[in-house]
Amino acid sequence: MTYQIPEKMKAWVLGDPGELTLVEKPVPQPGKSEVLVRIDAVAICATDLEVIDRGQPAMIQGGLPFNKNFTPGHEYMGTIVKLGPGVDEYKVGDRVAVEIHAGCDTCERCREGMYTACLNYGKNYEGNDKGHRANGFTTDGGFAEYAINNIKTLTKIGDNVTDEEATLIVTAGTAMYGLDMLGGLVAGQPLVVTGPGPIGLMAVAVAKALGANPVILTGTRDNRLELGKKLGADYTVNVRNQDVVAAVREITNGEGVNYVMECSGAPNAINESTNMIKRGGKICLCAFPAEPVEVDVAALVRNNICLLTIRGEGRSAVHRAASLISEKRFDASLIHTHTFGFNDLPTALKYSKERIEDAIKVVVKIPG
Ligand SMILES: [Zn+2]
Ligand SMILES: [Zn+2]
C-alpha cells in the first residue's frame, strides 16, 4: 500500500499564550526508528489546555513553547504512511495509537522503564540533542495532519477499535501505569478511585478489568458517577451528600481499602485517602491541587501508608491498556462525548475547557 504524501500540511501552531493559528508547514520526514503518521483523530486533554495557556509542561528549545512554530496535541491516533530507514516493525497502512513519551533511552530513568520521567526532558534541539521526544510537549504533536513518531511510542490497533476509541488508549494507559505503581496485583482487593475525570473513569475500568473488588468511585457529580458504574464501579459515593470516609468504611465492613487511585486533585484528597485506607495500604497520586496543601504526615507514617505518584504513561502501560480495549474488557468510548472537525479545533478546546454539555473527552477528526 502506498499513500500520496503532500509536501505541505495544515497544522495548528501556538503563538502567544492562548493563541492558536492554522498554518501550512512542511510534512516532516521520518528518520531512523521513526515513521510518519497521518493523523486521523486527536483527543483533547486538560494538559493541552495547560500548554496552550501557560506553556508548561511543554518545553521547546529549552524554554516555554510560545511563538516557536510549535504544534501541541498528544492524544492522537492515525495510519502509518511512510517508514523511516530500517523500520520493519510496522508496515505502511498500519493503524496505530501513540503514547506520548519516547525518552532518550540513555539516562538512568529511561533504562528503568520510567521514560516519562526522563532526565533529559526536552533535550532534542541543536546543541543539546539527547534524542528526547514527547509528542505535543517537546516535539510537534497531533493538532496537525501528520506527525513523526518513534516506533517505541506506537501500538498497533485492530479494525474493531474505532478512531475515537483509539485516541483514549493513552488515557487508559495512564490509569494502567498508576495501577502498576500500586503493585499491579489488585485482583480481589478493594480499591477506591477519587475523581471521575477521564483518568479516574479509565482507572475504574482498568482496575475492574484487572479484578479489583470492590471498585469504589467517589466524586461530586451524579452523571459522572453513573458513567463510572457503566465502566465497572461497584459502588459510587457522591462526596457532596455523604461523608466519603464513612461511606467507604461502611462498604468495606469497617476495614477500609487496600488502594486509592487519587484522580481528583482535591486539596484534602490525601488526608481523606489516608482515612479510607487500611494500614500499610498504598495511595497513587494521578492528579494534584493547584496550590500547596496541608497533609497529615503523622497519619501516613503511623499507618505505614505508601504514597506514590505517576507522570504520564510509563513502563509500556499503553500496550497493556490497548490490549484490554481491543479485547472489549470495557467500553472506553463511553468517555468520548463530542466530535469536531479539524478546522473547529478552537471550538473543541472551548468545549473541553468549559465542559460545555458536560464534555468529557472531546475528539477532533482529521480531515473534518
Ligand atoms: Zn493527556
Ligand atoms: Zn531518558
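Me: How many bridges join strand β13 to β14?

Reply: In this predicted model, local features need pLDDT of at least 70, side-chain atom pairs count only at pLDDT 80 or more, and totals for chains, interfaces and linings use all residues. Residues are numbered from 1 along each chain as its sequence is written, while chains are lettered from A and ligands numbered from 1 in the order in which they are written. Strands (E, at least two residues) and helices (H or I, at least four) are DSSP runs numbered from the N terminus, and two strands pair if DSSP finds at least two bridges between them. Strand β13 (residues 215–219) and β14 run parallel, and the number of bridges that join them is four.

Me: What is the order of the strands in the open sheet?

Reply: The sheet has six strands, and their pairing is parallel. Read from one side to the other, the order is β14-β13-β12-β15-β16-β17.

Me: Which strands does helix α7 touch, and what angle does its direction make with that of β14?

Reply: Two residues are in contact if their C-beta atoms, placed from the backbone, lie within 7 Å. Axes are lines fitted to C-alpha atoms, for helices over the stretch in contact, and angles run from 0 to 180 degrees between N-to-C directions. Helix α7 (residues 244–251) packs on the sheet and touches β12 (191–194), β13, β14 and β15 (257–262). Its direction makes with that of β14 an angle of about 160°.

Me: At what angle to β15 does helix α8 run?

Reply: Helix α8 (residues 269–276) lies across β12, β15 and β16 (277–285). Relative to β15, α8 runs at about 165°.

Me: Where is Pro-214, and what is the omega of the peptide bond from Asn-213 to Pro-214?

Reply: Just after α5, Gly-211 takes a positive phi of about 95°. Pro-214 lies in the loop between α5 and β13. The peptide bond from Asn-213 to Pro-214 is cis, with omega near -5°.

Me: Which residue takes a positive phi just after α4?

Reply: Helix α4 (residues 169–181) reaches 18 Å from its first C-alpha to its last, close to the 18 Å expected at 1.5 Å a residue. It is mostly covered, with twelve of its 13 residues buried. Just after α4, a positive phi of about 115° is taken by Gly-183.

Me: Is Asn-253 buried or exposed?

Reply: Most residues other than glycine have a negative phi. Asn-253, in the loop between α7 and β15, has a positive phi of about 50° although it is not a glycine. Because it has 8 C-beta neighbours inside 10 Å, Asn-253 counts as exposed.

Me: How does Asn-67 count, with 13 C-beta neighbours inside 10 Å?

Reply: Asn-67 is found in the loop between α1 and β4 and has a positive phi of about 55° although it is not a glycine. Because it has 13 C-beta neighbours inside 10 Å, Asn-67 counts as partly exposed.

Me: How far apart do the C-alpha centres of domain 1 and domain 2 lie?

Reply: The domain bounds, which come from an automatic or database domain assignment, are 8–100 + 135–156 + 331–365 for domain 1 and 172–309 for domain 2. Seven residues of domain 1 are in contact with eight residues of domain 2. The C-alpha centres of the two domains lie apart by 30 Å.

Methods
The expected span of a helix is 1.5 Å times one less than its number of residues. A residue is buried if 20 or more other C-beta atoms lie within 10 Å of its own, exposed if 12 or fewer, and partly exposed in between; C-beta atoms are placed from the backbone.
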